[in-house]
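Let's take a walk through this one together, a few pieces at a time. Keep your viewer open as we go.

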Amino acid sequence: MGLLEQKRHFSVNLLDWYMVNRRDLPWRRHNNPYFTWVSEIMLQQTRVDTVIPYFNRFIGNFPTVQALAEAPEEEVLKNWEGLGYYSRARNLQAAARQVMELHGGEMPQDKQAVFALKGVGPYTAGAILSIAFNQPQPAVDGNVMRVLSRYFLIDEDIMKGSTRVLMEELAGELIPEGRARDFNQALMELGALVCTPKAPHCLTCPVMEQCSGRIAGRELTLPVKTKAKPPRPEQRLVAIVEGRGAHRGRVLVRQRPATGLLARMWELPHVLAAPAAAGKAAGPLADEPAMALLAGSLWAEGFAARPEVLATHAEHVFSHIVWSLQVYKCTEQDQSNELPLIAAEARAAYDAQAAARDRSSSASAAPESDATHLSEPGTLHAENNASFLSEESELMSPSDVSDSALSTMTLTGKGDGLTYCWIGPEDMDKMAFPNIFLKLISSYFAGAYDQVND
Ligand code: SF4
């Protein structure tokens, strides 16, 4: 069997298989470049089953490039809520504005122009050009590299840039003339359904006869992939501050800064308890020092609140960091009367922690992750967050009310450019939260933590 024949076998049999077995996916029903683009961005790091309802809702709300370009960012993020990797949504909207300004609202068909769109890398550019415009461009991601590594018995490390270049050349050569649209989707489909990472279905694979990896018994040991560094664990303390008086029935949330990770998304106040030593788990903090530290951090942000009881544990997975979250129910205190009492002890705990804390704030540089799932009862595993508590945050009084578009809610103050809000359950659908906080706050309003004893 020569290499040319092996390539021909792959292309012909894969295409034949795809035309019979292709899944009916919403973005495949219309040959619309915008739909292709949105779907490819959503599918990055995310499973097809997860993407389908998000895609349908997103396209329902933003049916055209223009609609997306003109939408308020908060609305775009709200439609992305739960998908993770929120920079994808912000980049998508920024790129939609590029398309409006530079290309009159029409998706460009030129490779350099597509590549110049924000958030579009080589894979996505290849996918858009081939699927939307049937251009013979390779679209090589991890799935495709896995299939090609196995079929052609390629022992190169797929984490290396040189391997990607090799794979792109190979994938380009495999595209049958005039069939780029179907072929690239067929390759993706084979990786998703048949040549899966852990248990490839070789016996039903349309290219099994000439698969060098299978013939050599290497299907489970390919592709070669150097291991990424394990994520670094961190212990974090999270406050669910229950309002009193005018804020009764509401909880305190804060909005992240306008730039950086998860820009402008809302979250519960939280603080780094302890960065872990290299290679070691951070470990939970005992309740007493944890509550003192949390009160101190809230105080530094301008809020008098007393942590009362541990509500739950949660886990939050980044690409490079895993946060173990200790979530405390806290009660709002009267600023003038009670703050000094809280502050004395809490300030000492907070100052001690601040001195030891990694000031470079590892979280602010952390890539986003879409690892979001529930595991054991009472424990949330979720995604995306970072702490940015500033030591320079000023103590704010209730008169320091921020002027925000969310005028229906009670805005309490801000420290170091952060905006805070007291929200009730009715406000949840007006604001975009990273998944972990969406789940924690929703659980709180649903009464999930009512049983914990104060
Ligand atoms: S025969 Fe097995 S290893 Fe080879 S491409 Fe098919 S599923 Fe993958």
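At roughly what angle do the axes of helix α1 and helix α11 cross? Before the answer, some ground rules. This is a predicted model, in which local features need pLDDT of at least 70 and side-chain atom pairs count only at pLDDT 80 or more, while totals for chains, interfaces and linings use all residues. Numbering starts from 1 along each chain as its sequence is written. Helices (H or I, at least four residues) and strands (E, at least two) are DSSP runs, numbered from the N terminus.

Now the answer: α1 (residues 3-21) and α11 (residues 180-193) cross at roughly 80°, and their axes come within 9 Å. Those axes are lines fitted to C-alpha atoms, for helices over the stretch in contact, with angles running from 0 to 180 degrees between N-to-C directions. The two helices are therefore roughly perpendicular, a label that covers 65 to 115 degrees; under 35 would count as roughly parallel, over 145 as roughly antiparallel, and the rest as oblique. On the α1 side the contact involves S11, L14, L15, Y18 and M19, and α11 brings D182, F183, Q185, A186, L187, E189 and L190. Contact here has a simple test: C-beta atoms, placed from the backbone, within 7 Å. Sorted by class, that contact has 8 nonpolar, 2 polar and 2 charged residues. The classes put Ala, Val, Leu, Ile, Met, Phe, Trp, Tyr, Cys and Pro in nonpolar, Asp, Glu, Lys and Arg in charged, and the others, Gly among them, in polar.

Next, look at α9 (residues 142-151) and α10 (residues 161-174), whose axes come within 11 Å and cross at roughly 80°. This pair is therefore roughly perpendicular as well. V144, M145 and L148 from α9 meet M167, L170 and A171 from α10, and the contact counts 6 nonpolar residues, no polar and no charged.

Helix α9 turns up again at the ligand, where it gives the largest share of the shell, 3 residues. The shell has 15 residues, the closest being C195, C202, C205, C211 and E219; to be near, a residue needs its C-beta atom, placed from the backbone, within 6 Å. By class the shell splits into 10 nonpolar, 2 polar and 3 charged.

Over to the strands. β6 (residues 321-332) has 11 of its 12 residues buried, so it is largely enclosed by the rest of the structure. Buried means 20 or more other C-beta atoms within 10 Å of a residue's own, exposed means 12 or fewer, and partly exposed falls in between, with C-beta atoms placed from the backbone. Strand β1 (residues 232-242) pairs with β6 in the parallel sense over 11 bridges, with V241 opposite C330. Pairing requires at least two DSSP bridges. Strand β5 (residues 305-317) runs antiparallel to β6, also joined by 11 bridges, and the two form a hairpin with 3 residues between them.

L440 itself has 26 other C-beta atoms within 10 Å, and its C-alpha atom is 8.7 Å from that of L268, 172 residues away along the chain. Just after α15, G447 takes a positive phi of about 85°.

Definitions and conventions. Two residues are in contact if their C-beta atoms, placed from the backbone, lie within 7 Å.
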